[in-house]
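Please look through the sequence and the structure shown below.

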Amino acid sequence: MSRSSARLADGKRPPSPERTAAARHKRPRQLTKVELELGDGRYLLAYGYRATVTADA
Amino acid sequence: MPDLRFDLLRREWVAYATERNDRTFLPTDFCPLCPSGSGGDSEVPLDDFEVVVFENRFPAFGPDRDGGRPVRPPSTGCEVVVYTPEHKMTLAQLPVERVRLLVDVWADRYVELGSRPDVAYVYIFENKGEEVGVTLHHPHGQIYALPFVPPFADQELRSSHEHVVDTGRCLHCDTIKDESEGPRVVFSGDSMVAFVPKAARWPYEVHIYPRRHVRSIAQLDSGERWDFADALLRVTSAYDRHFGFSTPYVMAMHQSPTDGSEWLQSHLHVEFYPPHRRKDRLKYVAGVELGAGTFVNDTKPETTAAALRLQQEPAGKAPSASPKP
């Protein structure tokens, strides 16, 4: 194998089952979608459960 | 301009997209998928975001361009889905809330792209790692809105249809029943199950299924979407724990075509194909796979499933990640 995969060297660990189980009980929020147009005419969609778009594209 | 040609012998489409030959390749000093702020020169000129989707600058399918600019309304197309603004994260490292959002985004894109009259199939996938051809490391996936049903999905749909005709039951539902408590199960949850398939082509291939017969990701209810997000994290983090490094893979979502037919025999599932057969060896698609279409697997699905089951322990009990040999 000539190349190495990215290692878990940044100290971040995969989420534990306990963490995911706790989150499961949270109620889903409303999906938001904001459409922007990039300089060459392509679209960009910003998704979230809260408004995060703070810049003009 | 992308071009499609039909191979009469194989009876399959081949896509030509010559502009992709010069697409951005593993940049070291700049990431096109990181937020670059208002007026920035990345693909995401925002200060921050949660999940963004944009039209691929180098699409493999079209025809959605005229003089370099997209044609409106689009017919088919290719999208990039950026999972997070954080460059060094992976899907396995994301909080479950973000993966849950990703599930909602995939569902929204399935519905929207699938509603385009020329789109017969919405193919959602992720290539992770240079070993499977990634050209940008920032965590992201892709969506191809195809004007045809691709061959693997088509074959699955034909097989499942024949099973319905023969038995009156869904082939996928029967498979879930067989695998959810068998020797190839990776985990078995309330609404999701993951297993190494009986005839796995790849040593650590895993399929995730919703137990309920849903034809597409858009049909998952809220609880199932949480469980689906959890299942994606369980599988990808099990790979990382097992191999001890951030494991490359191809993730492929199979679901109902969007060509107007009902496709009652379709059953949503996700397939993972990691290229590693052991920590220091890759499984290559070579002569017998490419030339004959028959996979040779160096491991037994029961063995690799047992290894991945061991990694379903909490993170604190798993072996710590170490440099790859």
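In this predicted model, B:W13 has a relative accessibility of 40% and therefore counts as partly exposed, since that category covers the range between under 20% (buried) and over 50% (exposed). The residue belongs to strand β2 of chain B, which covers residues 12-16. Together with B:F6 and B:L8, B:W13 makes a nonpolar surface patch of about 340 Å².

The loop of chain B between β12 (249-254) and β13 (269-273) holds B:S256. Is this serine buried or exposed? B:S256 has a relative accessible area of 6%, so it is buried, the limit being under 20%. Leaving aside residues up to four places away in sequence, the residues that B:S256 touches are B:Y110, B:Y121, B:R215, B:E262, B:W263 and B:S266. Of these partners, B:E262, B:W263 and B:S266 carry numbers that fall in the loop between β12 and β13.

The cysteines come next. A disulfide is a covalent bond between the sulfur atoms of two cysteines. To be counted here, the two sulfur atoms must lie within 2.5 Å. How many disulfides does this rule give over all chains? The count is zero. Two cysteines of chain B show why. For B:C31, the closest cysteine sulfur is that of B:C34, at 3.8 Å, which is too far for a bond. For B:C78, the closest cysteine sulfur is in B:C31, and the separation of 19 Å is again too far for a bond. Both of these cysteines are covered by the protein: B:C31 is buried because its relative accessible area is 13%, and B:C78 is buried because its relative accessibility is 4%.

Chain A can be described as a whole. It contains one helix and two strands, and along the sequence they follow the pattern α-β-β. The chain has 57 residues, of which 37% are buried. What share of the contacts in chain A between residues at least 6 apart in sequence join residues at least 24 apart? The share is 0%.

Terms used: Residues are numbered from 1 along each chain as its sequence is written. Chains are lettered from A and ligands numbered from 1 in the order in which they are written. This is a predicted model: local features need pLDDT of at least 70, side-chain atom pairs count only at pLDDT 80 or more; totals for chains, interfaces and linings use all residues. Side-chain values use heavy atoms; hydrogens and water are left out. Buried means under 20% relative accessible area, exposed over 50%, partly exposed in between (1.4 Å probe, protein chains only). Patches are made of residues with over 30% relative accessible area and no salt bridge: like charges are joined within 9 Å, nonpolar side chains (Val, Leu, Ile, Met, Phe, Trp, Tyr) within 5 Å. Accessible areas come from the Shrake-Rupley method with a 1.4 Å probe; for residues, only the protein chains shown count as cover. A salt bridge is a side-chain nitrogen of Lys or Arg within 4 Å of a carboxyl oxygen of Asp or Glu. Helices (H or I, at least four residues) and strands (E, at least two) are DSSP runs, numbered from the N terminus. Contact means heavy atoms within 4.5 Å.
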